[in-house]
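This report covers aromatic contacts and the nonpolar core. The model is shown first.

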Amino acid sequence: MNFETFVDKVAQRARTSPDRAVELTRATVETLAERLTGGEVLDLAAQLPKPLQRMLKPHPDTEAADRFGAAEFVARVGQRAGVDGNAARDAVRAVFTTLREAVTSGEFEDVVVQMPRDYRDMVEPALAPDAMRR
């Protein structure tokens, strides 16, 4: 999937403009990069278009994931994107669903397994059988 298609899908799912979807995507993937181990960030980035790879790049000295829950994830996305909690949560769901379409199922499962249970309501829509058809 190319970057423009990724952004268009996020825009449709989050019901926003493509320009805003770029910002929401950036905020979400930067936060995701903080939450995943460095090796997993590299594995995920390898399956994504270059603009998303640049957003996901881990710090060279960072292998350990920053452990924070779903509420903190949404708060960080909201702060980065300048949106409220509801808009941030919708953006996170839209990006996760689009990530699911953009990478192999095994890679997406590797990402999900690093998330604690409180992420379930954001990740499960991406795991639903019809998520790939939206």
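## Charges over Phe-68

In this predicted model, Arg-35 lies over the face of Phe-68, at 6.0 Å from the ring centre.

## Aromatic cluster

Phe-68 also belongs to a cluster with Phe-73, Phe-96 and Tyr-119, linked by ring pairs. The structure holds three aromatic pairs. One of them joins Phe-73 and Phe-96 in a tilted arrangement, with 6.1 Å centre to centre and 35° between the planes. Phe-73 belongs to helix α5 and Phe-96 to helix α6, so this pair ties together parts that are 23 residues apart in sequence. Both Phe-73 and Phe-96 are buried.

Phe-73 also pairs with Tyr-119, here edge-to-face, at 5.6 Å centre to centre and 80° between the planes. Phe-73 has a relative accessible area of 0%, and Tyr-119 counts as buried at 1% relative accessibility.

## Nonpolar core

The largest nonpolar core has 41 residues, and Phe-73 and Phe-96 are among those with the most contacts inside it, along with Leu-32, Leu-44 and Leu-99. Helices α1, α2, α3, α4, α5, α6, α7 and α8 each supply at least two residues of this core. The largest share, eight residues, comes from α6.

## Gly-38

Gly-38 is in helix α3. Its relative accessibility is 4%, so Gly-38 counts as buried. The C-alpha atoms of Gly-38 and Ala-64 are separated by 6.4 Å, although these residues are 26 residues apart along the chain.

How values were computed:
Residues numbered from 1 in each chain as written. Predicted model: local features only at pLDDT ≥ 70, side-chain atom pairs only at ≥ 80, totals over all residues. Heavy atoms only, no water. Core = buried A, V, L, I, M, F, W, Y, C linked by side-chain atoms within 4.5 Å. Buried < 20%, exposed > 50% of the residue type's maximum accessible area, 1.4 Å probe, protein only. Helix = DSSP H or I, 4+ residues; strand = E, 2+ residues; numbered from the N terminus. Phe/Tyr/Trp six-rings, centres within 6.5 Å; stacked < 30°, edge-to-face > 60°. Lys NZ or Arg CZ within 6 Å of the ring centre and 35° of its normal.
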